[in-house]
Amino acid sequence: MKSAVVVFPGSNREHDAARALRLATGQEAAIVWHGDTSLPSGTDIVVLPGGFSYGDYLRCGAIAGRSPIMDAVKAHADRGGLVLGICNGFQILCEAGLLPGVLMRNKEKRFVCKVTNLKVERNDTPFTRAYDRGQVLAIPCAHGEGNYQADAETLARLEGEGLVAFRYCAPDGSIDAGWNHNGSLNAIAGIYSPKLNVLGMMPHPENHVDPAVGPTDGLALFKSLSMVLENA
Ligand SMILES: NC(=O)CC[C@H](N)C(=O)O
């Protein structure tokens, strides 16, 4: 499995993402600069990592979404290639038009850094097959602008087509506004593209992958990707 992690000026989670990919797949990810115009040949999965690309100026991800590498990322996604955007990476995917909607400021207008509970909506996707449907994961969040918003038509389409990947939930899996720390519509923490090959999510699965430093609920996401590609 060949993976590539894109680095933008201000990215700060690229090594965490590369490490998670290495732990799950046993292979090194290529590190790709945002100013490049192509991905390494044979790339199976592209990861847009978290961080503060371009200092979060204009809107988080707005400038990075127009970087030279994004045409190659779009072409990869159009061919059915896998793309994972985590936190700032999710913001970049929305700003680049690979996913619908926008990430607004958290409802309390504060940066939130804490472990959240995430409900796995479906486990028949390339990103979630190593999870159970309805499983509740403990995954950290660290963002100021994670409040997912979309117009009513887009929201209805996401819900109707099963494109919500994860929701913020209570520890027992119930959807309760008290656990939706950033105010996202329908407690949405992550969404898929219509072909399920692009996933954007605000929480950081790459930070819960190593038993030496804590819980490992994020590892199965990266394992899912390697399972898909082994079976391809
Ligand atoms: N951890 C991150 O990727 C942060 C995302 C973004 N800069 C925000 O604060 O919303």
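**Entry 1: A187**

I began with A187, which lies in the loop between β9 and β10. The model I am reading is predicted. Phi of A187 came out near 60°, a positive value in a residue other than glycine. I noted for context that most residues other than glycine have a negative phi.

**Entry 2: strands β9, β6 and β10**

Which strands pair with β9, and in what sense? Strand β6, residues 112-120, pairs with β9 in the antiparallel sense over three bridges. Strand β10, residues 188-192, is also joined to β9 by three bridges and runs antiparallel to it. L118 stands opposite Y168 in β9, and R167 stands opposite I188 in β10.

**Entry 3: the whole sheet**

Nine strands form an open sheet with mixed pairing, in the order β2-β1-β3-β4-β11-β10-β9-β6-β7. The edge strands are β2 (30-33) and β7 (136-143), each of which pairs on one side only. On average, neighbouring strands of the sheet are turned by 25° against each other, direction ignored.

At the β2 end I checked the pairing with β1, residues 3-7: the two strands are parallel, with four bridges. The bridge partner of A4 in β2 is A30.

The buried residues of α1 are E14, D16, A17, A18, A20, L21, A24 and T25. Just after α1, G26 takes a positive phi of about 75°.

Helix α2, residues 69-78, lies across β1, β2, β3, β4 and β11 (198-201). I recorded its angle to β4 as about 125°.

**Entry 4: helix α3**

Is α3 enclosed or open? Eight of the eight residues of this helix, 88-95, are buried, so α3 is largely enclosed by the rest of the structure. I listed them as N88, G89, F90, Q91, I92, L93, C94 and E95. They pack against β3, β4, β5 (102-104) and β11. Just after α3, G97 has a positive phi of about 85°.

**Entry 5: the ligand shell and D56**

Which residues are around the ligand? I found G50, G51, F52, D56, C60, C87, N88, A142, H143, G144, E145 and G146. By class the shell has four nonpolar, six polar and two charged residues. N88 in this shell is also one of the buried residues of α3.

I looked at D56 separately. It lies in the loop between β3 and α2, and its phi is near 60°, a positive value in a residue other than glycine. D56 counts as partly exposed because it has 19 other C-beta atoms within 10 Å.

**Entry 6: P203**

P203 sits in the loop between β11 and α5 (219-231). It counts as buried because it has 29 C-beta neighbours inside 10 Å. Leaving out residues up to four places away in sequence, P203 touches T116, L118, I139, P140, C141 and A189. L118 is the residue that I had noted opposite Y168. P203 and N88 are 115 residues apart in sequence, but their C-alpha atoms are 9.9 Å apart in space.

**Entry 7: M227**

Last I looked up M227, which is in helix α5. Is M227 buried or partly exposed? With 17 C-beta neighbours inside 10 Å, it counts as partly exposed. M227 touches R129 and A130, not counting residues up to four places away in sequence. Along the chain M227 and M1 are 226 residues apart, and their C-alpha atoms are separated by 9.5 Å.

Notes: Residues are numbered from 1 along each chain as its sequence is written. This is a predicted model: local features need pLDDT of at least 70, side-chain atom pairs count only at pLDDT 80 or more; totals for chains, interfaces and linings use all residues. A residue is near a molecule or strand if its C-beta atom, placed from the backbone, lies within 6 Å of it. Ala, Val, Leu, Ile, Met, Phe, Trp, Tyr, Cys and Pro count as nonpolar, Asp, Glu, Lys and Arg as charged, and the others, Gly among them, as polar. Two strands pair if DSSP finds at least two bridges between them. Axes are lines fitted to C-alpha atoms, for helices over the stretch in contact, and angles run from 0 to 180 degrees between N-to-C directions. Two residues are in contact if their C-beta atoms, placed from the backbone, lie within 7 Å. A residue is buried if 20 or more other C-beta atoms lie within 10 Å of its own, exposed if 12 or fewer, and partly exposed in between; C-beta atoms are placed from the backbone.
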